[in-house]
Amino acid sequence: MIAEDTEPPSRGRQPQPGPGDPPESPRIPAMDAAAAAPGRLTAATGPEGGPEGGAERAAAALKPRLRGWLHAGVFPLALVGGIVLIAVSRTGAAVAACSVYAVSACLLFATSAVYHRRTWGPRGEAVLRRLDHANIFLIIAGTYTPLAVLLLPEGRQRVLLAVVWAGALAGIAFRMLWIAAPRWLYTPCYIALGWVAVFNLPDFARTGGTGLVALVITGGLLYTAGAVVYGLKRPNPSPAWFGFHEVFHTLTIAAFSAHYTAILLAAT
Ligand SMILES: [Zn+2]
């Protein structure tokens, strides 16, 4: 989720960022990277390396070492958590809604881990970056789905599901068709869709209680904080190991945990 991260090859991953473009990662000397990350260099010089092998190698050297590990670690937990949710669901509609949520969560963390853990060639990068960003819209609509089904009366449930899924499909089309859109343009789209059901919070409170709504709001604020860190590329505590992107991923995990707990409360 969140996820992302890297600019297209023509931008942030290059050794020389544009003016005003804060460095996404440290400038590690290639020799240091050669000694520290032989696996990545092997990947970078694979069949897709070609004449760009040097640039690929430099990009590999610039990735924080922990990039992708957080979401890789959360994926099995999200899978087990999703199965638990489905198991405790009491109606067919709840099973369906929790299944949608579980699939969207597993897709998000698995794709993010696969995308971020290694350096891909231009084609792999283009596909995985699109999937990674599309999954953010999926997890937003996927999170709203069980909340709507479990907590809202039928009429409002239909309206909310129509709004969030239409918004998610539009957002996915946007990221698929214009993956190089500027960060300041697409990041607010995630935040806007994420908060689109703020008017339903009183309904959530009425059915699920204030504790559940507090968890929903906490998760929303944590996701929003992650989006802001992603947009600003700050704070960037340890560019070599744990950069701004890892801060963003950490916030998405905390947000996911809050929302998962809220949905578990609603389902049981
Ligand atoms: Zn990411």
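Predicted model: local features only at pLDDT ≥ 70, side-chain atom pairs only at ≥ 80, totals over all residues.
Residues are numbered from 1 along each chain as its sequence is written, and side-chain values use heavy atoms, with hydrogens and water left out.

**Entry 1: helix α9**

I asked which side chain meets that of Asp203 in a salt bridge. I found Arg206, at 3.0 Å from N to O. A salt bridge here is a side-chain nitrogen of Lys or Arg within 4 Å of a carboxyl oxygen of Asp or Glu. Both Asp203 and Arg206 lie in helix α9, three residues apart, which is about one turn of the helix. Helices are DSSP runs (H or I, at least four residues), as strands are (E, at least two), and they are numbered from the N terminus.

Pro202 counts as partly exposed because its relative accessibility is 45%. I then compared Pro202 with Val213: they are eleven residues apart in sequence and 8.4 Å apart in space, C-alpha to C-alpha.

**Entry 2: the other salt bridges**

I noted that the structure holds four salt bridges. One of them joins the side chains of Glu246 and Arg67, at 2.5 Å from N to O. This pair links distant parts of the chain, since Glu246 is in helix α11 and Arg67 is in the loop between α3 (53-62) and α4 (69-88), 179 residues apart. Are these two residues buried or exposed? Glu246 counts as buried, at 1% relative accessibility, and Arg67 is buried as well, with a relative accessible area of 2%.

I next examined Glu154 and Arg158, whose side chains meet in a salt bridge of 2.7 Å, N to O. Because they are four residues apart in helix α7 (residues 154-177), about one helical turn separates them. Glu154 is exposed, with a relative accessible area of 55%, and Arg158 is exposed, with 54%.

**Entry 3: the loop between α10 and α11**

Most residues other than glycine have a negative phi, and most peptide bonds are trans. With this in mind, I checked Lys233 and found a positive phi of about 60°, although this residue is not a glycine. Lys233 is placed in the loop between α10 and α11. It counts as buried, at 6% relative accessibility. I then found a cis peptide bond joining Arg234 and Pro235, with omega about -5°. Pro235 lies in the loop between α10 (210-232) and α11 (244-267).

**Entry 4: two helix pairs**

Two packed helices are described by the angle between their axes and the distance between the axes. Axes are lines fitted to C-alpha atoms, for helices over the stretch in contact, and angles run from 0 to 180 degrees between N-to-C directions.

I first took helix α6 (residues 122-151) and helix α8 (residues 183-194), whose axes come within 9 Å and cross at roughly 15°. They are therefore roughly parallel to each other; this label covers angles under 35 degrees, while roughly antiparallel covers those over 145, roughly perpendicular 65 to 115, and oblique the rest. In α6, the residues Arg129, His133, Ile136, Phe137, Ile140 and Tyr144 meet Tyr186, Cys189, Tyr190, Leu193 and Gly194 of α8, where contact means heavy atoms within 4.5 Å.

I then took helix α5 (residues 92-117) and α11, whose axes come within 13 Å and cross at roughly 165°. These two helices are therefore roughly antiparallel to each other. On the α5 side, the contact is made by Cys98, Tyr101, Ala105, Phe109, Ser112 and His116; on the α11 side, by His245, His249, Ile253, Phe256, His259, Tyr260 and Ile263.

Notes:
Buried < 20%, exposed > 50% of the residue type's maximum accessible area, 1.4 Å probe, protein only.
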